[in-house]
Amino acid sequence: MIFILDQLNPRIDASINASQEEIRLQLLKYEEVVDLASDIIREKRLLPGDRIITCIIDGKHVVLEGNRRVCACQMLLNPTLVPLEYKKRFPKADSEELILNISQIKADVAPNRNMAENVLTKRHTEPGIQKWSPIAKMRRAARWFNHGETINEIASRLGASKPNVRRNVRDYHLLKYALDLPGWTQEEIDILKDEKLTVNPYTRFFTLSGVKELLKLSFNEREYPESGLPKKIFDDLIKCITKAFLLPLSDTGKPWANTRTTPEELFNNYPELSNYKLSLNKTLDDSSENENPKITENLRTQDEQNLQAGSIQQNESISKNNEINKDSGKKNIVLPREPKPSIFFEDLKCPVEDQRLIQLTIEIKMISHIRMPIAATMLLRALFESSLRYHLTRIGKWNELISPNGEDPGLNKIITFCCDKKNKVFKNKRASDMLKSFSGTGFKEVFDLIVHGIFAEPSPKTLEQAAAMLRPLIRYILNNELTANL
């Protein structure tokens with residue numbers, strides 16, 4: 001019986017027309033077939049119970065289960081099948097007993113491919129069987145989908161949820177999209193095709209709040225990624241994200257980014273983005289009719305940088321201009337530009353030594369509440385609650401809110417405690433009045449509904465109104481209750 005290695009083996013990314021030589025090479029590169037062959041030589045046989053599963057397609061026995069074992073045995077029996085680059089590494093059969101034992105391999109023949117799938121799924125979740133990698137699982141679902149099966153049909157076949165199946169298909173297409181981009185070196189291609197590649201940080205990044213909006217990313221009816229950005233820009237950004245999350249750095253051996261990397265960190269720090277001016281605070285459509293949208297080099301515009309730096313460059317320019325006018329006898333003087341008032345939290349500063357508040361302050365200044373209202377709502381709620389928690393801890397009253405079983409209080413309980421003037425939470429009584437007013441307007445309930453994803457849609461206008469009420473209170477807390485303008 002002659003076995004044919006399967007082009008649709010989920011472990012490898014082979015084309016439907018891949019030759020047996022190409023399949024063997026991929027299995028050698030990505031599926032540790034050299035080590036498996038050494039184990040077979042040591043045991044002088046396949047392990048008991050290692051029956052393979054085949055089905056007959058076009059009169060040939062196609063291996064559905066056991067491709068690694070069959071591949072190893074083929075090359076042990078016929079060394080001429082070993083690819084040139086593996087000739088020195090691949091072990092040689094060292095006994096007649098071994099050759100006899102692997103010459104005839106018993107197989108279970110399935111009526112067809114589909115009827116074997118349930119068995120294959122169960123086998124690759126059992127101990128002792130080498131589990132399919134995350135890429136293999138994604139590829140398996142994507143192949144079925146690309147061959148015409150629906151998400152419902154695949155979910156039914158796998159006993160999985162429909163959202164999970166759809167996510168696997170989309171994640172695989174995102175990986176394929178990146179891999180198919182031009183310009184990768186052969187070394188990079190080998191890394192990106194490695195079946196053991198840790199892809200979760202990469203695929204997870206696209207689920208983070210604001211990322212899809214920033215990339216204008218969507219998926220068409222075939223679950224392939226598309227973007228409202230110009231293709232060149234979108235492709236370059238995808239390539240940058242791929243490098244950051246999947247390609248190891250030479251000095252550490254690990255990718256620069258990981259599951260804790262935020263969109264702001266990536267777009268602000270990764271050097272590949274230096275060719276673009278990517279603003280997280282503005283959409284690409286925010287330009288006027290006479291201006292073309294641009295992706296900028298920094299996360300903030302030069303005007304914002306000048307405002308935060310005290311308009312140093314602007315003041316120097318004004319001073320020089322005034323000197324020129326003085327020398328020429330002209331009296332016109334250029335006045336410095338008036339700073340714009342905050343609409344959200346554009347100029348918030350955090351003078352306290354609290355890492356969470358510092359990070360929240362950085363992030364809420366960078367986010368666009370118009371383009372990313374859900375993320376902005378969550379950030380504002382987190383900043384609000386963390387500010388109250390910090391203040392209560394600072395004045396020694398936080399422990400009064402902890403329940404006997406050690407459970408932390410929710411935001412409702414915190415607000416109620418702070419509004420009660422007998423608790424003397426704030427030196428300035430207007431602070432507790434302002435907090436009570438905020439709670440009474442229903443903003444807090446709206447925040448809860450949006451954060452928990454039910455019955456409420458985020459509104460930039462609502463966020464601006466809430467920010468107008470909370471900005472003075474948060475500044476008052478962060479400045480150690482020294483702010484007078486409450």
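1. Asp408 and Arg389 form a salt bridge, with 3.1 Å between the closest N and O atoms; the term denotes a side-chain nitrogen of Lys or Arg within 4 Å of a carboxyl oxygen of Asp or Glu. Arg389 belongs to helix α17, whereas Asp408 lies in the loop between α17 (373-394) and α18 (411-419), so the pair ties together parts that are 19 residues apart in sequence. Helices are DSSP runs of H or I with at least four residues, strands are runs of E with at least two, and both are numbered from the N terminus.

2. The model is predicted: local features need pLDDT of at least 70 and side-chain atom pairs count only at pLDDT 80 or more, while totals for chains, interfaces and linings use all residues. Residues are numbered from 1 along each chain as its sequence is written, and side-chain values use heavy atoms, with hydrogens and water left out.

3. Asp408 is partly exposed at 42% relative accessibility, and Arg389 is partly exposed at 27%. On this scale, buried means under 20% relative accessible area, exposed means over 50%, and partly exposed lies in between (1.4 Å probe, protein chains only). Through salt bridges with shared partners, Arg381, Glu385, Arg389 and Asp408 form one network.

4. Which residue forms a salt bridge with Glu223? The partner is Arg166, with the closest N and O atoms 2.4 Å apart. Glu223 is in the loop between β5 (217-219) and β6 (225-227) and Arg166 in helix α8 (residues 162-179), so the contact links parts 57 residues apart in sequence. Glu223 is buried, with a relative accessible area of 4%; Arg166 is partly exposed, at 33%.

5. A salt bridge also joins the side chains of Arg69 and Glu65 (3.1 Å, N to O). Both Arg69 and Glu65 are buried. The count of salt bridges comes to 19.

6. The axes of α17 and helix α21 (residues 460-478) come within 10 Å and cross at roughly 25°. Axes are lines fitted to C-alpha atoms, for helices over the stretch in contact, and angles run from 0 to 180 degrees between N-to-C directions. The two helices, α17 and α21, are therefore roughly parallel, a label for angles under 35 degrees.

7. Contact here means heavy atoms within 4.5 Å. Residues of α17 that meet α21 include Leu380, Phe384 and Arg394, and those of α21 include Leu463, Leu470 and Ile474. By class, this contact of α17 with α21 has 15 nonpolar, three polar and one charged residues. Ala, Val, Leu, Ile, Met, Phe, Trp, Tyr, Cys and Pro count as nonpolar, Asp, Glu, Lys and Arg as charged, and the others, Gly among them, as polar.

Terms used:
Parallel < 35°, antiparallel > 145°, perpendicular 65-115°, else oblique.
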